[in-house]
Amino acid sequence: MVGCNRASIFNPTTYRGILDELFDGDTIFAPVMGWNAYQLGFYSSKFKHFIATDVIPEVFNNGIELHKEFEKYKDKSIFEVEDKTVDLYLCPSEQLASRHDFATKYKNQVDGVLFSPPYYDLEIYPSEDQSFTNFPNYQDWLTRYWEETVKLCCEVLKPGGKFAFVISNYRNKNKEEVQISQDMKAVVEKHLKLVQQLRVQW
């Protein structure tokens, strides 16, 4: 993972670095688990509480096991290791409110949101609840997956909290360039004010 720059691979150290450089507070929310890379980065960050959801059962189960391992390490370490708490959900982000009353449970409790969202149809994962499976039409996907996820994040963010996502454009199977970063940014700007746009140097 150290030098990769692909949709499905996000270096945990990069995630931790972005958290510690650009975010403040205790609680971070990731609307996808990023193959557990975000959780790994969280453990070495200054944050204390990690909330995340994903639609792939294996990724969710790995997250549970990772936290068990962290607890074992913390208890046995000769070093002082800070307590960290983790809340994980096996659920599409756009359905967290209806399935888990998520917006009520976490309202104004999240200091930051940081993740690399799905790239629409670039990669198809083994899940019945994948966003592309639920919304195969691109405009529907932007509205019913992406905008609903953004709105949920707005509800749980504290006043002054930060929302950030990492994404780049790509060529689809027909070799057409998908301007996904601009399209997703336009949706976010309907709900949040753009403060900064940065380039991740891999």
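By buried I will mean a residue with under 20% relative accessible area. On that reading Tyr120 is buried, and Tyr138 is buried as well. Keep in mind throughout that this is a predicted model.

Let me stay with those two tyrosines. Their ring centres lie 5.0 Å apart with the planes at 65 degrees, so the pair is edge-to-face. The pair links distant parts of the chain, 18 residues apart. Tyr120 sits in the loop between β4 (110–115) and α6 (131–134), while Tyr138 belongs to helix α7, residues 138–156. Both also belong to one aromatic cluster, whose other members are Phe115, Phe132, Trp141, Tyr145, Trp146, Phe163 and Phe165.

How many aromatic pairs does a search of the whole structure find? The count is 19. Another of them joins Phe42 and Tyr43, with 5.3 Å from centre to centre and 50 degrees between the planes, which is a tilted arrangement. Phe42 and Tyr43 are both buried. Phe42 has a charged neighbour too: Lys84 lies over the face of its ring, 4.9 Å from the ring centre.

Next, helix α3. This helix runs over residues 57–76, 20 residues in total. From first C-alpha to last it reaches 29 Å, close to the 28 Å expected at 1.5 Å a residue. Which residues of α3 are buried? They are Val59, Phe60, Gly63, His67, Phe70 and Lys74. Looking down the axis of α3, the buried residues fall within an arc of 100 degrees, so they line one face of the helix. As a reminder, an α-helix has 3.6 residues a turn, so residues three or four places apart point the same way. The cover over the buried residues of α3 includes α2 (37–43), β2 (49–54) and β3 (85–90). On the face turned away from the buried side, α3 carries the exposed residues Glu58, Asp75 and Lys76.

Last, the cysteines. For a disulfide the two sulfur atoms would have to be within 2.5 Å. Cys154 is likewise in no disulfide, its nearest cysteine sulfur being that of Cys153. Is each of the two buried or partly exposed? Cys153 counts as buried because its relative accessibility is 0%. Cys154 counts as partly exposed because its relative accessibility is 26%.

Note on methods:
Residues are numbered from 1 along each chain as its sequence is written. This is a predicted model: local features need pLDDT of at least 70, side-chain atom pairs count only at pLDDT 80 or more; totals for chains, interfaces and linings use all residues. Side-chain values use heavy atoms; hydrogens and water are left out. Buried means under 20% relative accessible area, exposed over 50%, partly exposed in between (1.4 Å probe, protein chains only). Helices (H or I, at least four residues) and strands (E, at least two) are DSSP runs, numbered from the N terminus. The expected span of a helix is 1.5 Å times one less than its number of residues. The arc is that of the directions from the helix axis to the C-beta atoms. Contact means heavy atoms within 4.5 Å. Rings of Phe, Tyr and Trp (its six-membered ring) pair if their centres lie within 6.5 Å; planes under 30 degrees apart count as stacked, over 60 as edge-to-face and the rest as tilted. A charge sits over a ring if NZ of Lys or CZ of Arg is within 6 Å of the ring centre and within 35 degrees of the ring normal.
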